[in-house]
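The exercises below ask the reader to work through one structure step by step, each with a solution to compare against. Please look at the sequence and the model before starting.

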Amino acid sequence: MLSADVSAAPTASAVKAPARWWRSWWRSLSPGRQDRFAALAPLAAVLMFMAAIAASFWYLRTEEIDREKEALKRDVEYAQQRVRLRLLERQEQIMRLARDLSNEELTRADFMARAEALISQYPELQAITWIDDRRRIRATHAAPTVSSNQLRVNGEVLKTGEAADLFKLARDMQQPVYSQPEAGSDDATPLLQLQVPLSTQGKFAGVVLAEYSIDSLLRYGTPTEVLARYAVTLVDGHGRVLAGTPLAPRHNPLLPWATKANAYEVPVSPVGNGLVLRGQAYRTSLGVVGNGLFWLVGTLSAMTSWMLIATWRHTRRRQQAQRALVAETNFRRAMENSILTGMRALDLEGRITYVNAAFCQMTGWTQAELIGQTPPYSYWPEGEYERLHANLRDELSGKTMPGGFQVRVRRKSGALFDARLYVSPLIDARGQQTGWMTSMTDITEPNRVREQLTASHERFTIVLEALDASVSVAPLGSQELLFANRLYRQWFGSQTIGHLEMVAQAGVLPSHGSGVVEDDDGLMGLSIDPLARTRSENAEIYRADLGKWLEVRSRYLNWVDGRLAQMVIATDITPRRLAEEQAARQAERAESVSRLITMGEMASSVAHELNQPLTAISNYCSGMVSRIQGGQLSEEALLAALQKTAHQAQRAGQIIQRIRAFVKKSEPNRTLADVHDMVSEALELASIELRRHNVRLTHYVAARLPQVSADAILIEQVLINLMKNGAESIAQAQRPPALRSVELRVVPRQVDGCDVIEFSVQDTGRGLAPEVLAHLFEAFFSTKSEGMGMGLNLCRSIVESHQGRMHAENLYNATDVIGCRFSFWLPLANTADSTINSAASPNPRTIA
């Protein structure tokens with residue numbers, strides 16, 4: 001508390017200056033004036049005290065009025081909610097009745113029974129009337145309390161008035177509508193009307209009119225505790241009373257502003273501003289109790305004034321001395337409290353004589369709890385008493401450590417923290433040692449950070465040691481090995497030679513530049529030399545000494561001492577390389593087997609095709625034999641017959657040669673191939689199968705097409721497979737002869753900015769079902785009962801191995817499927833060569 005006065009009196013001189021001015025001014029006054037001022041000072045204090053008492057009474061009265069207003073507001077809003085809920089419940093029941101009438105589920109007798117039950121159950125309901133769309137009253141039931149001039153008669157038609165206007169509004173809005181009640185001049189009790197529209201098959205069929213007694217709504221809808229505490233009334237939009245009894249205005253000539261009663265009003269939804277709930281608080285008076293309290297306070301004030309006058313003279317001088325002392329004490333205490341280091345003073349026997357605020361904040365104990373304690377202290381952890389007693393004995397004997405010593409300190413909450421203590425002798429003003437002064441610093445956070453760094457380093461080392469990849473770091477231009485994990489040491493030992501050999505074999509050339517910059521690509525700490533700033537890519541190398549294929553990745557980094565170093569990560573990829581080689585061999589076998597299967601499927605067509613030249617040869621030979629035997633063959637006829645026989649033999653030989661070249665197993669041979677030659681060979685072989693299925697084959701090959709880098713036999717295999725599939729699809733669809741055709745088109749295109757050659761095979765079959773399109777190119781998926789499901793999968797693999805893409809789609813005429821089109825594209829020779837080189841060698845420096 002003393003520290004709070006520092007700003008008011010920062011120094012003793014600042015306090016003495018006003019006091020000196022006051023004394024000089026007081027001495028300059030005459031004795032008479034001094035007496036008058038001395039007499040007026042207590043009076044002024046008493047007047048201020050009385051003013052404070054009056055202000056307190058006024059404040060308390062104001063607070064009481066505000067509480068009354070808040071309570072009135074809360075109770076009136078609660079009563080409004082109750083009335084609103086009651087109206088909504090009755091509205092829901094009337095709407096259910098209207099819904100049953102709209103659905104023609106109620107007869108007139110049922111309606112009368114339901115209306116009578118509702119009116120007898122809920123006293124605020126006075127009448128329920130069924131009115132058709134021509135404003136004629138179909139049925140009505142009213143409570144006995146309804147006056148005769150408010151009753152409605154069956155068969156009566158609504159005329160002009162509030163009910164008729166409300167009927168129009170309900171018909172136009174097609175939703176429940178409330179009337180806005182007003183206090184009338186006659187003696188009839190005003191009624192609140194609710195009209196709910198009827199709708200039969202989307203057409204307006206009339207309304208159900210419900211009339212409420214506003215007085216009953218107030219009596220049964222307002223809670224009794226609210227009615228007991230306040231005068232509650234329902235008024236219309238103009239403030240005229242509809243139900244309830246308001247308070248009469250009071251006339252107080254002494255307090256004219258207090259004549260208005262405490263009131264609060266709120267509209268009743270869902271009716272709106274036409275029905276307002278108003279509550280007025282009954283006024284109470286303090287009476288004699290208030291006056292007696294006032295005189296009691298006045299008497300106590302007079303006694304307090306006399307005591308002020310009696311003590312004023314006595315305390316005046318003491319206050320001046322106390323201010324100076326407090327200012328000096330506050331200044332010293334502020335300096336002590338501003339220190340963040342805990343301070344503790346011990347006497348020569350080890351008793352605590354002083355602790356500052358920082359020490360109390362660290363330990364959680366107050367000064368009163370700590371001062372006077374002897375060992376063991378309350379902040380000593382249990383179980384460490386012996387060690388701390390030994391430290392205290394060394395401290396009291398003068399065996400202090402210049403760097404301090406670390407101890408564990410227990411807070412009042414039981415939590416422990418690490419602290420470092422520094423001890424020095426406490427010397428008084430006479431130069432004698434009176435004890436020991438100890439400073440304490442909380443080092444829990446530095447210790448925690450140090451432990452986290454150590455644990456993080458251990459975890460990082462464990463992760464690197466457990467990696468299945470070799471990790472090594474070496475500085476550029478040096479033979480020193482900065483770091484090597486377990487796998488590197490297992491492969492290459494603890495020398496740098498393995499690191500350098502992998503870098504050299506992978507083709508990653510280190511730079512000896514010394515400058516380091518921050519590059520925009522996110523690689524920090526790379527050399528200024530452009531060669532060192534080049535980001536190294538993956539390289540696959542083969543280590544004969546290990547018998548392994550390694551994937552080498554490198555990156556430049558700044559070591560902890562600021563040197564530019566190179567990190568190399570080598571992963572054993574021997575299983576992957578072996579699997580890739582085996583997959584390539586399997587793919588090659590699959591391509592060869594697919595060609596054999598294709599020719600096996602075309603065996604009957606090929607046999608038929610070969611049968612024609614062989615039959616012709618047989619016929620020519622038989623004819624020549626017969627004519628020679630009959631002596632009727634001339635030399636010219638024999639020569640012509642032999643030429644025709646040779647032509648048919650050449651034709652059969654060409655067919656066999658094409659089949660042999662197609663099915664011959666050979667190594668993949670990707671060369672510059674002419675598109676026209678590939679298409680011609682494929683058409684020759686495919687036309688045999690298409691003629692067997694009675695399918696017409698047409699083709700279009702664009703002129704002057706550039707060469708493509710491809711294996712001609714494999715591309716022919718894809719084209720033959722697609723054309724054969726198209727013919728089989730047409731045969732299965734049983735198309736008429738005019739619609740049995742397969743078209744092959746070869747045209748140049750551009751895909752993603754690259755020049756390609758597109759091959760498309762279009763048939764007139766039934767097309768492909770959506771579920772077939774989703775799995776069309778999957779292995780072992782086939783729509784043929786005898787198919788293996790490898791043809792299209794192998795075709796796609798062949799196309800993609802040439803860096804191309806294959807696509808299938810149905811052809812439509814409006815919504816009818818009229819065929820299917822398979823298309824694939826191959827890049828041109830220059831584009832394909834660059835793509836092949838980049839795909840075959842992820843890094844140009846890869847050494848195989």
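This is a predicted model: local features need pLDDT of at least 70, side-chain atom pairs count only at pLDDT 80 or more; totals for chains, interfaces and linings use all residues.

**Exercise 1. State the order of the strands in the open sheet of four strands, and describe how E8 pairs with E9.**

Solution. Begin with the general idea that strands of a sheet pair through backbone hydrogen bonds, either parallel or antiparallel. Here the order is E7-E6-E9-E8, with antiparallel pairing, and two strands are said to pair if DSSP finds at least two bridges between them. The edges are strand E7 (241-243) and strand E8 (263-268), each of which pairs on one side only. From one strand to the next the twist averages 40°.

Turning to the pair itself, E8 and strand E9 (residues 272-281) are antiparallel over six bridges. Within this pairing Val266 has Leu277 of E9 as its bridge partner, and Pro267 stands opposite Val276 in E9. Leu277 is also one of the residues that Leu218 touches. A hairpin of three residues joins E8 to E9, and Pro270 lies in the loop between these strands. The peptide bond from Ser269 to Pro270 is cis, with omega near 10°.

**Exercise 2. Describe where Gln373 lies and which atoms its side chain reaches.**

Solution. Gln373 is found in the loop between helix H9 (367-370) and helix H10 (385-396), and with a relative accessible area of 17% Gln373 is buried. A polar atom of its side chain lies 2.6 Å from the backbone oxygen of Glu369, and the side chain of Gln373 also reaches the backbone nitrogen of Ser378 at 3.1 Å. Not counting residues up to four places away in sequence, Gln373 touches Gly350, Arg351, Ile352 and Ser378. The loop between H9 and H10 also holds Pro376, and the peptide bond joining Pro375 and Pro376 is cis, with omega about 0°.

**Exercise 3. Describe how H18 and H19 pack, and which classes of residue make their contact.**

Solution. Two packed helices are described by the angle between their axes and the distance between the axes. For helix H18 (residues 675-692) and helix H19 (residues 712-733) the angle is about 30° and the axes are 9 Å apart; axes are lines fitted to C-alpha atoms, for helices over the stretch in contact, and angles run from 0 to 180 degrees between N-to-C directions. The residues that meet include Met678, Leu685 and Leu690 in H18, and Ile715, Leu719 and Met723 in H19. By class, the contact has 13 nonpolar, no polar and four charged residues, where Ala, Val, Leu, Ile, Met, Phe, Trp, Tyr, Cys and Pro count as nonpolar, Asp, Glu, Lys and Arg as charged, and the others, Gly among them, as polar.

**Exercise 4. Is Ala814 buried or exposed?**

Solution. Ala814 is exposed, because its relative accessibility is 69%. Ala814 is found in the loop between E27 and strand E28 (816-827), and has a positive phi of about 65° although it is not a glycine.

Key: Residues are numbered from 1 along each chain as its sequence is written. Side-chain values use heavy atoms; hydrogens and water are left out. Helices (H or I, at least four residues) and strands (E, at least two) are DSSP runs, numbered from the N terminus. Contact means heavy atoms within 4.5 Å. Buried means under 20% relative accessible area, exposed over 50%, partly exposed in between (1.4 Å probe, protein chains only). A polar contact is a pair of N or O atoms within 3.5 Å; within protein, one must be able to donate a hydrogen and the other to accept it, and residues adjacent in sequence count only if both atoms are side-chain atoms.
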